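Dear colleague,

I am handing over the structure below, and after it you will find notes on what turned up in it. Please read them with the coordinates open beside you.

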2 protein chains.
Amino acid sequence: MLALDDEGPLHRQTYRALRGAILEGRLRPDTRMPSSRSLAKELGLSRNTVLQAFDQLVAEGYATAREGAGTFVAGSLPSRAHGGGKTEQGGKVESARLSALGRRIQTRIPPGAASWSLRREPLRFDFRYGEPGYADLPLNTWTRLLGRRARRLSVRRLAYQPPGGAAELREALADYLARARGVVCEPEQILITQGSQQAIDLCVRLLVDPGDTVVLEEPHYTGFSFCLAAAGADISHVPVDEDGLRVEELDSIGEASLACVTPSHQFPAGGVLSLPRRLALLDWAERSGAYLLEDDYDGEFRYDSRPLECLQSLDRDGRVVYVGTASKILFPALRIGWVVAPPALVRSFHDAKAITDTGTASLEQLAFADFIREGHLERHVRRARQRHASRRSALLEAVEAELGDRADVIGTGAGIHVVLRFESLPALDVGRLRRACRERDVGVYPVAPFYAQAPEHAELLLGYASLDEEEIRTGIGRLREALDTV
Amino acid sequence: MLALDDEGPLHRQTYRALRGAILEGRLRPDTRMPSSRSLAKELGLSRNTVLQAFDQLVAEGYATAREGAGTFVAGSLPSRAHGGGKTEQGGKVESARLSALGRRIQTRIPPGAASWSLRREPLRFDFRYGEPGYADLPLNTWTRLLGRRARRLSVRRLAYQPPGGAAELREALADYLARARGVVCEPEQILITQGSQQAIDLCVRLLVDPGDTVVLEEPHYTGFSFCLAAAGADISHVPVDEDGLRVEELDSIGEASLACVTPSHQFPAGGVLSLPRRLALLDWAERSGAYLLEDDYDGEFRYDSRPLECLQSLDRDGRVVYVGTASKILFPALRIGWVVAPPALVRSFHDAKAITDTGTASLEQLAFADFIREGHLERHVRRARQRHASRRSALLEAVEAELGDRADVIGTGAGIHVVLRFESLPALDVGRLRRACRERDVGVYPVAPFYAQAPEHAELLLGYASLDEEEIRTGIGRLREALDTV
């Protein structure tokens with residue numbers, strides 16, 4: 001159907017051929033584009049080449065990327081499109097001249113997808129993932145500590161603060177992380193960030209050049225992949241199973257700058273990286289020269305056994321950049337995260353933070369330091385773990401009772417979400433299932449956006465931390481009803 | 001055989017010691033562990049403590065419990081000589097493999113220079129620049145508003161927030177900026193950032209590629225130059241005079257991606273960009289395809305006439321990215337800044353912010369929105385302007401009286417700092433002058449770090465917002481004494 005014209009690089013030829021098909025109406029407005037895989041096959045090109053062409057079509061407004069659904073021909077074409085080939089490097093919005101990073105953000109990240117805050121619907125049984133149990137929070141204590149610090153603001157506290165963060169918080173965190181997660185560090189190695197996302201972004205900026213190979217779990221956290229897409233990294237996806245990243249498959253990857261991993265509770269599939277794999281991963285990092293970004297986003301919550309100590313505790317070699325967040329143990333709007341950098345990278349992280357934003361706001365850092373030092377955090381985490389364990393039991397029992405062998409539950413050992421896998425439901429039916437759930441006041445979320453190559457069967461991500469047991473049971477019951485209609 | 005390391009509870013110490021022995025092969029795979037009873041005796045611990053350590057080793061896969069036969073070292077660990085203790089965590093500084101940006105940060109930014117928070121000395125007459133009048137702040141009001149918002153935290157406020165910032169603050173700012181600075185925008189064009197530094201960093205990331213030409217004032221704000229150095233920009237320095245940037249010299253510069261300017265009060269030299277130059281600058285931007293980053297860091301404070309409206313208010317073409325901050329009108333530790341992006345760049349700024357840190361913490365945004373909407377900000381700015389005017393008069397009179405024609409004062413029309421220029425004092429003597437001042441409890445600061453090519457005569461930067469009139473007079477008197485000794 002498509003003919004390439006032999007001029008310029010292959011992705012440019014592909015882009016021109018597709019643009020021609022769109023302008024001539026052979027690819028019709030608002031229809032799904034052929035899959036990059038099948039096009040690559042048809043044209044005898046690498047999939048990456050086709051994806052580059054797609055990126056450019058999206059950038060120029062000939063096509064749109066819909067989250068989890070693929071790429072579609074645009075419904076209304078930009079008027080200049082009809083003129084032909086003049087806008088080949090322009091942005092979607094006329095006249096914006098962006099850097100390469102700016103263009104990659106525009107073309108490689110689906111509109112709105114980078115924001116965790118969107119798409120909130122007022123559903124009564126909302127299995128929204130990625131949020132903590134708000135009902136468990138000791139908010140009175142938090143408000144009291146915050147108020148105490150606010151009333152004591154002195155000139156020293158009002159002025160510019162050290163870019164690494166408040167000394168009080170770095171010391172309190174070094175103690176807490178040693179006790180709770182086995183992190184081995186001095187307070188000087190800790191950098192306080194704007195949530196874990198800034199930690200990830202700084203890490204990628206400091207360690208990854210455009211074209212560098214970076215290993216990513218498949219499925220993966222989009223907080224990694226969006227940053228890496230913006231950075232122009234060449235992402236190598238390595239699949240996970242119930243024991244986390246299949247580390248043995250790393251051997252086929254040569255040099256890499258970085259691997260982004262979630263050993264405590266793989267996001268989203270939920271496996272806990274086994275000890276032999278942890279050691280093998282560290283070995284690989286040494287051999288390949290890669291750093292390991294360990295995102296320990298919910299490592300506090302493990303149920304069937306003690307929490308595993310973090311990967312960083314096994315790192316003899318300074319390869320692990322450990323990243324954590326207050327979003328799951330307190331709440332996301334706090335925007336406090338941390339990096340524990342290996343000694344060789346400490347100064348770079350602090351300098352990068354200084355030129356990025358001169359440092360994170362201090363008031364809530366100080367309140368959080370008090371919260372840790374006065375024992376509130378560990379008390380809260382202990383209680384939340386019990387509450388989550390009870391919610392988790394309710395969920396697993398309800399799924400067993402309502403869905404039986406229609407779904408597998410995976411990733412149940414840790415964290416505050418699970419994945420429901422429907423082997424006999426095609427991925428295409430997820431949209432209908434979600435709508436049927438929504439009609440019953442139930443919110444469920446597809447795993448597909450977290451895959452580079454989504455599986456052919458349906459998978460749902462269910463967070464359970466912000467529901468109580470009764471709501472969980474009712475919600476799963478209604479999910480079953482919804483499933484019956486699909 | 002085992003040595004404990006004195007950190008954390010005894011069972012944790014025991015666990016670490018045993019883990020070390022296993023990883024180093026002193027306890028060999030598939031052999032029986034020493035009995036808990038004998039270990040307890042050897043280490044002088046309770047047997048229960050040792051059993052807790054065994055439990056953890058088993059939980060993590062270092063050992064296996066065999067029914068009726070005791071605990072055995074695991075058979076399947078990859079061989080890996082391994083430490084795991086704090087002292088063994090290494091990583092040599094010279095071995096850190098950084099990205100091009102990471103290397104530029106390391107090589108092009110003087111150590112520590114990127115941090116505004118350093119070098120604070122307890123001097124009684126400290127003419128430190130870049131900080132507001134802390135004594136003028138309505139802190140009680142601020143604390144009250146903050147407390148009110150803190151007590152009203154709801155789930156909606158605790159969850160992830162829109163990356164662009166709180167709607168309340170963006171609306172309040174759009175109104176305030178229109179009234180106070182002539183900014184022309186919709187709330188949707190505003191992005192709340194971590195202080196103005198993040199606004200600058202996002203702007204540079206979105207608009208500047210390595211090797212791109214970027215125009216910078218000479219002397220210039222280092223918050224620009226450090227970001228640009230990290231980005232690998234090719235910086236063209238254009239001198240300033242008492243009317244700000246010498247725009248006519250831009251004609252020798254061809255294409256540029258960006259010009260970073262401070263039209264309201266040139267930092268650090270203090271000129272106010274004249275209207276003809278503003279118009280010429282906008283013309284140049286259109287011709288050369290450059291964006292203009294307008295950093296309006298202290299535009300509220302002008303004394304001899306009304307504050308000039310900002311450059312953005314003259315922009316018909318979407319060339320100006322307007323940047324502001326709460327650091328001078330409230331206080332720096334707040335870390336609230338804003339971008340007003342031209343329409344074509346709005347989405348890019350929001351997406352970049354989302355992948356950078358998912359958004360700025362919300363509590364202080366909401367308190368700041370209330371502070372603006374209830375009229376406190378404009379009342380405070382009005383009062384602070386009067387106080388600063390009075391401090392400025394005291395400073396100018398004292399300099400005239402004490403220094404006469406030994407120094408020129410420049411940049412006095414606006415802002416909260418001035419430059420003292422000592423035409424007959426060599427730049428080399430600034431160090432001696434500062435030491436002589438310090439001995440007299442007076443803090444003064446060299447302008448030299450803000451030049452790409454510092455002049456041959458001495459120049460000092462004097463902030464006056466955080467001193468009262470009496471302190472200013474005494475401080476300048478002592479500066480004269482110090483000068484006499486040099």
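Thr358(A) lies in the loop between helix 11 (346-357) and helix 12 (363-373) of chain A, where helices (H or I, at least four residues) and strands (E, at least two) are DSSP runs numbered from the N terminus. Although Thr358(A) is not a glycine, it has a positive phi of about 60°, and it counts as buried because its relative accessibility is 8%, buried meaning under 20% relative accessible area, exposed over 50% and partly exposed in between (1.4 Å probe, protein chains only).

Before going further, please keep in mind that this is a predicted model, in which local features need pLDDT of at least 70 and side-chain atom pairs count only at pLDDT 80 or more, while totals for chains, interfaces and linings use all residues. Residues are numbered from 1 along each chain as its sequence is written, chains are lettered from A and ligands numbered from 1 in the order in which they are written, and side-chain values use heavy atoms, with hydrogens and water left out.

Chain B has a residue with a positive phi as well, namely Arg335(B), which is not a glycine and has a phi of about 55°. Arg335(B) is placed in the loop between strand 10 (320-325) and strand 11 (337-340) of chain B, and it is buried because its relative accessible area is 5%.

Arg335(B) is also one of the residues touched by Thr193(B), whose other contacts include Gln198(B), Trp338(B), Lys353(B) and Thr360(B), not counting residues up to four places away in sequence; contact means heavy atoms within 4.5 Å. Thr193(B) belongs to strand 4 (residues 190-193) of chain B and counts as buried because its relative accessibility is 0%. Its side chain reaches the backbone oxygen of Gly195(B) at 2.9 Å.

Two cis peptide bonds in chain B deserve a look. One runs from Glu218(B) to Pro219(B), with omega near 0°, and Pro219(B) sits in the loop between strand 5 (213-218) and helix 9 of chain B. The other joins Phe267(B) and Pro268(B), with omega about 5°, and Pro268(B) is in the loop between strand 8 (258-261) and helix 10 (275-288) of chain B.

Helix 9 (residues 222-231) of chain B holds Ser225(B), which counts as buried because its relative accessibility is 10%. The side chains of Ser225(B) and His220(B) are joined by a polar contact of 3.3 Å, that is, a pair of N or O atoms within 3.5 Å, of which, within protein, one must be able to donate a hydrogen and the other to accept it, residues adjacent in sequence counting only if both atoms are side-chain atoms.

As for helix packing, the axes of helix 7 (residues 167-181) and helix 12 (residues 363-373) of chain B come within 8 Å and cross at roughly 35°, axes being lines fitted to C-alpha atoms, for helices over the stretch in contact, with angles from 0 to 180 degrees between N-to-C directions. Among the residues making this contact are Leu169(B) and Tyr176(B) of helix 7 and Phe368(B) and Ile372(B) of helix 12 of chain B.

Finally, in chain A, Ala63(A) is found in strand 1 (residues 63-66) and is buried because its relative accessible area is 0%. The C-alpha atoms of Ala63(A) and Met33(A), 30 residues apart along the chain, are separated by 8.4 Å.
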